[in-house]
Amino acid sequence: MDLGEAIKTRRKKLGLSQGDLAKLCQITQPYLSMIEKNKKEPNLSTIKILSEKLDIPLPVLFFTSLEESDIPESKRQAYGIIENSINSLIDSIFLARD
């Protein structure tokens, strides 16, 4: 899992700076930077706050952090076929502006 990259990608898609997101989550920008670089592993309550402020359900955030090595080898081909479609669907649902 690359949770840091998933958080960073989502943050950028929303047009937020690290400082903006850190402020929303009441954490420091350096701490968020370390999370995004996978140098610090946040506790679950911090991840929940991040997902709330990123306006994406926690399970979806975890899904977007999956890496090929997280998928059983026997299912990687099938996952590869649907991965882009699922990510596009996630973006269309959770990036849509009201």
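Which residues does T46 touch, not counting residues up to four places away in sequence? In this predicted model, local features need pLDDT of at least 70 and side-chain atom pairs count only at pLDDT 80 or more, while totals for chains, interfaces and linings use all residues. Residues are numbered from 1 along each chain as its sequence is written, and side-chain values use heavy atoms, leaving out hydrogens and water.

The partners of T46 are Y31 and I35, where contact means heavy atoms within 4.5 Å. T46 sits in helix α4; helices here are DSSP runs (H or I, at least four residues), numbered from the N terminus. With a relative accessible area of 13%, T46 is buried (under 20%, using a 1.4 Å probe and protein chains only).

Setting aside residues up to four places away in sequence, L32 touches I7, R11, Q18, L21, A22, I27 and L50.

Helices α1 and α3 pack at about 120°, with axes 7 Å apart; axes are lines fitted to C-alpha atoms over the stretch in contact, and angles run from 0 to 180 degrees between N-to-C directions. On the α1 side, G4, E5, I7, K8 and R11 make the contact, and on the α3 side L32, I35 and E36.

Note on methods:
Helix = DSSP H or I, 4+ residues; strand = E, 2+ residues; numbered from the N terminus. Buried < 20%, exposed > 50% of the residue type's maximum accessible area, 1.4 Å probe, protein only.
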